[in-house]
Amino acid sequence: MLKLPIYLDNNATTPVDPRVLQDMLPYFTDVFGNAASRNHPFGWKAEEAVDYAREQVAQVIGASEKEIIFTSGATESNNLAIKGVYEMYAEKGNHIITLTTEHKAVLDTCKHLEKMGADITYLSVKGDGMIDLDELEAAMKPTTILVSVMFANNEIGVIQPIKEIAAIAHKHGALFHTDATQAVGKVNTDVNEFGIDLLSYTAHKMYGPKGIGALYVRRKNPRVKVTAQMDGGGHERGMRSGTLNVPGIVGFGKACELARLEMNQDAARLSKMRDRLENSLLELEESYLNGNKEHRLPHCTNISFKYVEGEGLMMGVKDIAVSSGSACTSASLEPSYVLKALGLDDELAHSSLRFGLSRFSTDEEIDFAINQTKEAVTKLREMSPLWEMFKEGIDLKSIAWAEH
Amino acid sequence: MAYSEKVIDHYSNPRNIGTLDKSKNNVGTGLVGAPECGDVMRLQIEVDDATGTITDAKFKTFGCGSAIASSSLATEWLKGKSIDDALKIDNMDIVEELALPPVKIHCSVLAEDAIKAAINDYRTKNNLTPIEVH
């Protein structure tokens, strides 16, 4: 029996894998020590667990455990990376380059630095969500200290040419940071292979717990430093003070280990399932895939259904938990800025759905999602005056709409 | 967002979806809203010329559940009403009947606008002066 509603919003967060939870539990009660307590076995045991997890967390991105700074999650990691580099390398320059389709944790951090005197370039993306490497090259300045480009986009799953971006940054003497929140554990994110200097990731997008993440900070070729944004006891080599979240770290470690071991088989299974979902939904007339089809994450898809309104559509797919390109909680509808950046008009941006599959998704769930989505789109179109006009060959742009 | 039972009922079982022949003289069509705002309502009435009574009403709406419910309810209320009584339908009546939350009041306003636009289309077609719409 299918249990409703079906969760297909795994780009927002994933459930904790039971194997992860199992490993975490003792660290709430029996092994509850403070990893910074050096004087007794309670502290030693906690520290031992953190050391082990730090290796697991490093391994999934091909890093050394000395390069891992634990944080509260990717938002904090992005803040630490960007603000920390800005402060540390202030003598060298104040220019940072990023994309308009980055997560708010990067964009708003950059906006904050702009107020402090930073020079920020926000590169637009191509219609398929990919960066234009020539534009990046042209945007580089002698004062550029950092290029920050996300590994994979959270709304459309598009994977950027990370190796090429890193090479351009390095050629001009800048560091390269990537927000790899959506990518780690889903695709190869080896920091040495791609030439990454700083990388943000978090546990809760890869079947680990919420509230724990990490920033990878390269130690060799070059040795990268960031100025701490949280002052205190000097934890994490002085880069991030605060008592370590030991159960969270243990869970993050286990989640990384499982991801490393199972990534390839998960990706193969999920991309098949995703393709089936996507192909079925694209059979509907006037439905469009958002983002590059080739360079993207294996487990998600983002589709726009023309002539259907987003919030009405969400109501029609009430038994599947998905995300809409429309922020429809307020009276003023704000379509997704990521989809707008791809050049989609407001209507198409509003009527998009993002499906994110997980390790726990089943074929039955996908069948159900296909049927409910198709039914909802068809039903809403039958009652849509815009669909009727489209079918009659009327150009909607030719109508003088009374905007309210 | 939680929808009221009545909104869910109208969304799941909309009344009077469809299209009337807009070329007919006794059919009035109102098309209000704009695609980029996320709401477009088309509401049509068929009027018995002799009695001035609305004999049929149909709608099609592109919009959220509340917009669909507002227009569906409007068609229900319009059928059998005289034009004069139809003009008395106030958007707050719709808000009350469907228990719309404040952020959805604009859906009821749009439905009222659609009623008035349909009536004015009918009046213009029949050489009557359009009523003033806010």
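A residue is called buried here if 20 or more other C-beta atoms lie within 10 Å of its own, exposed if 12 or fewer, and partly exposed in between, with C-beta atoms placed from the backbone. With 24 C-beta neighbours inside 10 Å, Tyr307(A) counts as buried.

1. Basis of the note. This is a predicted model, in which local features need pLDDT of at least 70 and side-chain atom pairs count only at pLDDT 80 or more, while totals for chains, interfaces and linings use all residues. Residues are numbered from 1 along each chain as its sequence is written, and chains are lettered from A and ligands numbered from 1 in the order in which they are written.

2. Positive phi values. Tyr307(A), which is not a glycine, has a positive phi near 70°. Tyr307(A) is placed in the loop between S10 and helix H9 (310–316) of chain A; helices (H or I, at least four residues) and strands (E, at least two) are DSSP runs, numbered from the N terminus. Glu286(A), also a residue other than glycine, has a phi of about 55°, and its place is the loop between H8 and strand S9 (287–289) of chain A. Glu286(A) is partly exposed, having 15 other C-beta atoms within 10 Å.

3. Cis peptide bonds. Leu4(A) and Pro5(A) are joined by a cis peptide bond with omega of about -5°. Pro5(A) belongs to the segment before strand S1 (6–7) of chain A. The bond from Asn221(A) to Pro222(A) is cis as well, with omega near -5°; Pro222(A) sits in the loop between strand S8 (213–217) and H8 of chain A. Most residues other than glycine have a negative phi, and most peptide bonds are trans.

4. The sheet of chain A. An open, mixed sheet is formed by 7 strands in the order S2-S8-S7-S6-S5-S3-S4 (chain A), where two strands pair if DSSP finds at least two bridges between them. Strand S2 (68–71) and strand S4 (119–123) of chain A are at the edges with a single partner strand each, so one side of each has no neighbour in the sheet. On average, neighbouring strands are turned by 20° against each other, direction ignored. Axes are lines fitted to C-alpha atoms, for helices over the stretch in contact, and angles run from 0 to 180 degrees between N-to-C directions.

5. Strand S5 and its partners. What is the burial of S5(A)? S5(A) is mostly covered, with 5 of its 5 residues buried. S3(A) and S5(A) run parallel and are joined by 4 bridges; Leu146(A) in S5(A) is the bridge partner of Ile96(A). S5(A) is also parallel to S6(A), through 3 bridges, and Val147(A) stands opposite Phe176(A) in S6(A). Strand S6 (residues 175–179) of chain A in turn runs parallel to strand S7 (residues 198–202) of chain A, with 3 bridges, and His177(A) stands opposite Leu198(A) in S7(A).

6. Helices on the sheet. H4(A) lies across strand S3 (95–99), S4, strand S5 (144–148) and S6 of chain A, at about 155° to S3(A). Two residues are in contact if their C-beta atoms, placed from the backbone, lie within 7 Å. Helix H6 (residues 162–171) of chain A also packs on the sheet, where it touches S5 and S6 of chain A and makes about 150° with the direction of S6(A).

7. Packing of H3 and H4. Helix H3 (residues 74–88) and helix H4 (residues 104–115) of chain A pack at about 30°, and their axes are 9 Å apart. Among the residues in contact are Ile82(A) and Tyr86(A) of H3(A) and Val106(A) and Leu113(A) of H4(A). By class, this contact has 7 nonpolar, 4 polar and 1 charged residues; Ala, Val, Leu, Ile, Met, Phe, Trp, Tyr, Cys and Pro count as nonpolar, Asp, Glu, Lys and Arg as charged, and the others, Gly among them, as polar.

8. Domains of chain A. The assignment gives domain 1 (6–10 + 263–398) and domain 2 (18–259) of chain A; the bounds come from an automatic or database domain assignment. Their C-alpha centres lie 30 Å apart. The contact takes 20 residues from domain 1 and 22 residues from domain 2 of chain A. On the side of domain 1 of chain A that touches domain 2 of chain A, H10(A) gives the most, with 3 residues.

9. Contact between the chains. Chain B gives 25 residues and chain A gives 24 residues to the contact. S1(B) supplies the largest share of the side of chain B that touches chain A, 4 residues. This side of chain B divides into 15 nonpolar, 7 polar and 3 charged residues.
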